[in-house]
Amino acid sequence: MLELYHFHGATCGLKSRLVLAEKGLEYVDHAVERGYLRSPEYRKINPNAVVPTLVHDGAYIYESSVILNYIDDAFDGPNLKPGNPLGVARTWWWMKRADECLPMIGTLTYTVSMRPKLLALSPEELEQHIEGIPVAATRARRRRIIEDGFQSADFPQALEGLQKMLSDMESALNKSEWLAADQYTLADISMTPLVERLHELQCGEMLDNTPGVADWWDRIKSRASYEECLGATPNPETEQHRAGGEKAWPDIKKILAA
Ligand SMILES: N[C@@H](CCC(=O)N[C@@H](CS)C(=O)NCC(=O)O)C(=O)O
């Protein structure tokens, strides 16, 4: 039996759902609430209190890039890695890149959209939220973002990193039809939720200087897997992301232009 724990609105959860959709696999969909991740019950499933968690015949598999690769190797369906070592290396390079960019998109999301909600908590609840994050680096970053918001050093660094991500994608897409090769691969799946989140946060204009990425994005959105994962179950935080993003975009634009 194949099971996936995720929550709607989690970028890494979306990655896993996209690969399951592309492979055409049936699975038990444990779409949990974000708050459930901190429960003792879920921490027995995933000690880091994050999604995704894949469970295959009782074996627990963590880390979205590992999950993507496992699903591609373990099941029939279209191959989502090229059939040659160089293509596989390029695919892995993008999966690693997506992992590196996750804290950047997290910084953007929390600063622009999640922070106002967290600041409305009582000081005790806020402290509990921060101290309940099991991974020290994530906990320290979350504290800086909540305390300093747009003024935190993390914010411009995240924007610079995301701009570099788009320019790297542009260079790759000038060489091949898809990111790692002339076929759609796990590389494209890995980058999809990051670009989706830029759009959710009203930062779609960041793609104005990368026409190849804009064209790739149109092709991604027209895939059945995109509709299957986001059409029926849109991110419940979409409206909050939109409102925060609209407000923040003029400042973001200035930082990007500096
Ligand atoms: N490196 C991990 C990161 C997992 C992660 O940080 N997941 C986020 C969602 S994308 C999460 O569960 N966050 C918990 C929260 O927001 O409370 C992976 O790629 O699986």
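**A helix and its surroundings**

Analyst: Cys12 lies in helix H1. Bear in mind that this is a predicted model.

User: Why is Cys12 called buried?

Analyst: Cys12 has 21 other C-beta atoms within 10 Å. A residue is buried if 20 or more lie within that distance, so the label applies.

User: What does Cys12 touch, leaving out residues up to four places away in sequence?

Analyst: Cys12 touches Val51, Pro52, Ser64 and Leu102. Cys12 and Thr53 are 41 residues apart in sequence, and their C-alpha atoms are 9.9 Å apart in space.

User: How do you know that the span of H1 is close to the expected one?

Analyst: Helix H1 covers residues 11–23, which is 13 residues. After H1 comes Gly24, with a positive phi near 70°.

User: Why is H1 described as largely enclosed by the rest of the structure?

Analyst: Because 11 of its 13 residues are buried. Among them are Thr11, Gly13, Leu14, Arg17 and Glu22.

User: What covers the buried residues of H1?

Analyst: The cover includes strand E1 (2–6) and strand E3 (53–56). It also includes helices H3 (64–74), H4 (85–119), H8 (186–200) and H10 (224–230).

User: Which domains does the assignment give?

Analyst: The domain assignment gives domain 1 (2–74) and domain 2 (85–257). Their centres, taken over C-alpha atoms, are separated by 19 Å. The contact takes 18 residues from domain 1 and 22 residues from domain 2.

User: Which elements give two or more residues to the side of domain 1 that touches domain 2?

Analyst: They are H1 and H3. H1 gives the most, with 9 residues. That side of domain 1 divides into 7 nonpolar, 6 polar and 5 charged residues.

User: What makes up the shell around the ligand?

Analyst: The ligand is surrounded by Ala10, Thr11, Cys12, Arg34, Leu37, Val50, Val51, Pro52, Glu63, Ser64, Asp99 and Leu102. The elements that give two or more residues to this shell are H1 and H4.

User: How do the residues of that shell divide by class?

Analyst: The shell has 7 nonpolar, 2 polar and 3 charged residues.

Terms used
Residues are numbered from 1 along each chain as its sequence is written. This is a predicted model: local features need pLDDT of at least 70, side-chain atom pairs count only at pLDDT 80 or more; totals for chains, interfaces and linings use all residues. Helices (H or I, at least four residues) and strands (E, at least two) are DSSP runs, numbered from the N terminus. The expected span of a helix is 1.5 Å times one less than its number of residues. A residue is buried if 20 or more other C-beta atoms lie within 10 Å of its own, exposed if 12 or fewer, and partly exposed in between; C-beta atoms are placed from the backbone. Two residues are in contact if their C-beta atoms, placed from the backbone, lie within 7 Å. Domain bounds come from an automatic or database domain assignment. Ala, Val, Leu, Ile, Met, Phe, Trp, Tyr, Cys and Pro count as nonpolar, Asp, Glu, Lys and Arg as charged, and the others, Gly among them, as polar. A residue is near a molecule or strand if its C-beta atom, placed from the backbone, lies within 6 Å of it.
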